[in-house]
Amino acid sequence: MNFDVCIIGAGPIGICCAIEAKKNNLSYLIIDRGCLVNSLYNYPKNMTFFSTSDKLEIGDVPFISHNSKPTKSEALEYYRRVVSSWDLKINLYEEVTNIIKEENFEIKTSKGDYSAKKVIISTGFYDIPYKLEVPGEDLEKVKHYYDEPHPYFGMKVAVVGAANSAVDVALETYRKGAKEVTMIIREPSLSDSVKYWVKPDVENRIEEGSIKSYFNSNITKIEEDKIHLSTPDGDKVIDNDFVLAMTGYQPDFTFLKKLGIQLGDDDNKTPIHNPETMETNIEGIYLAGVICGGLKTNKWFIENSRDHAKIIFSHLK
Ligand SMILES: Cc1cc2nc3c(=O)[nH]c(=O)nc-3n(C[C@H](O)[C@H](O)[C@H](O)COP(=O)(O)OP(=O)(O)OC[C@H]3O[C@@H](n4cnc5c(N)ncnc54)[C@H](O)[C@@H]3O)c2cc1C
C-alpha cells in the first residue's frame, strides 16, 4: 500500500505516466473511478479520432488501425493491449476522494487508503458536463453524453451546442432517421473549431432546411413533449422528444482545490503548475494530460500531452 508514485486517472496520459514509472524502476499504482480509459469509453460509438494512430501511441507499442485515423473501438483495444503488454498495476472502479499531505501523501479512495511519495493527477475533464441550468434538465430525455443514433430514430431531437460534438451528433441523428433535428446555438454562428472537412456538410444541411437551426438562441425550459426557446424572433415552443446537450465538459476543480492546488486567475482557471516540471504549487503533486489546461480543454490532448510523463519523471529522477 506504499508506493513511490500514485497516479490518479487511467486515461492515456495516466497510463503513459505508469509506463515511465516502470521504466524508472519506481513502484506505482494507477487508480481510476471508472473503467480503463473511461473518457474514451464514453465517447460516441461511431467516432473517429482526428489524430492518426501513430500520434496516439504510447509506451513504444505500435498502433496500427484499418484507416489512418482510428475508431473508438480500435483505440480501446489499443490501450487495453498497452496495459497488458506493460503489465500495469491499475485499480479500476475506485474513486480518489482526497489526498492529504503528511510525511508522504495519504490517498483516500472509495475502497481504501494508500500512501505515496509523489502523486500525479491526470483526471482529464470529461466527468463534469456543463449544465443548461434550466427547469426540466433532470428529465430522462435530456442527455449530456451521446452514444449512438439508434435510440433517436423517428424522434424529434434538439441538439444544443455549436462545436464539433454538437455538429457530429446533429449530422449523425439526421442521417440515421431522426424525424426532426433542430440545432440550438447560443452564438451567432457555428464554432470556428468545427472540423474543416465537416463544416460545409452541416452548413449545407442547415441551408437546405434538413437540419433546423436557431442561432443566438437558448432553451429556457424543458417539458416531456416540448421545449421552450428564447430566440431573436421572440419566445417559441417546439415539439421535442430528446434534448442532446453537447455543451462541453469541465475539469473537477473542486477536487483540485480540496488538494490545495491553486487555480490561475486567467479565464481558463489554469491549475498552477511549472510547465518545466509539471509540479503544482504543492510540492510532490504533479499534473499530466488535458487537466493542465483548466477550462481550455482543447489545449492539451493525447497527441501533445504524451510528453508530460517524461517531463515529470525526469524531474523525479
Ligand atoms: C470526441 C473526442 C475526440 C477526441 N479525439 C482526439 C484525437 O483524435 N486525438 C487526441 O490527441 N485527442 C483527442 N481527444 C482528446 C483526448 O481524448 C483527451 O485529451 C484525452 O483523453 C486526455 O487524456 P487524459 O489521460 O489526460 O484524461 P482522460 O482520458 O480524460 O482520463 C482521465 C481519467 O481520470 C479518471 N478520474 C477522474 N477523476 C477521478 C478521481 N477522482 N478518481 C479516480 N479517477 C478519476 C476518469 O475516470 C478518466 O478515466 C478527443 C476528445 C473527444 C471528446
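Biologist: How far apart are the axes of α1 and helix α8, and at roughly what angle do they cross?
Modeller: This is a predicted model. Helix α8 covers residues 308-316, and its crossing with α1 is right-handed. The axes of the two helices come within 8 Å and cross at roughly 35°.

Biologist: Which residues of α8 meet α1?
Modeller: The residues of this contact divide into seven nonpolar, one polar and two charged. From α1 come I13, C16, C17, E20 and A21. Their counterparts in α8 are H308, A309, K310, I312 and F313.

Biologist: Is α1 roughly parallel or roughly antiparallel to α3?
Modeller: Helix α3 spans residues 72-86, and its axis lies 11 Å from that of α1. The two pack at an angle of about 15°. Angles under 35 degrees count as roughly parallel, so α1 is to α3 roughly parallel.

Biologist: What is the handedness of the crossing where α1 passes α3, and which residues of α3 make the contact?
Modeller: The crossing is left-handed. On the α1 side, the contact is made by P12, I15, I19 and K22. The contact residues divide into seven nonpolar, no polar and one charged. On the α3 side they are Y79, V82, V83 and W86.

Biologist: What is the phi of D60, and is D60 buried or exposed?
Modeller: Most residues other than glycine have a negative phi. D60, in the loop between α2 (38-41) and α3, is not a glycine, yet its phi is positive, about 60°. D60 has 10 C-beta neighbours inside 10 Å, so it counts as exposed.

Biologist: Where is Y93, and is it buried or exposed?
Modeller: Y93 is not a glycine either, and its phi is positive at about 55°. Its place is the loop between β3 (90-91) and β4 (96-101). Because Y93 has 12 C-beta neighbours inside 10 Å, it counts as exposed.

Note on methods
Residues are numbered from 1 along each chain as its sequence is written. This is a predicted model: local features need pLDDT of at least 70, side-chain atom pairs count only at pLDDT 80 or more; totals for chains, interfaces and linings use all residues. Axes are lines fitted to C-alpha atoms, for helices over the stretch in contact, and angles run from 0 to 180 degrees between N-to-C directions. Helices (H or I, at least four residues) and strands (E, at least two) are DSSP runs, numbered from the N terminus. Angles under 35 degrees count as roughly parallel, over 145 as roughly antiparallel, 65 to 115 as roughly perpendicular and the rest as oblique. A crossing is left-handed if the near helix is turned anticlockwise from the far one by less than a right angle, and right-handed if clockwise. Two residues are in contact if their C-beta atoms, placed from the backbone, lie within 7 Å. Ala, Val, Leu, Ile, Met, Phe, Trp, Tyr, Cys and Pro count as nonpolar, Asp, Glu, Lys and Arg as charged, and the others, Gly among them, as polar. A residue is buried if 20 or more other C-beta atoms lie within 10 Å of its own, exposed if 12 or fewer, and partly exposed in between; C-beta atoms are placed from the backbone.
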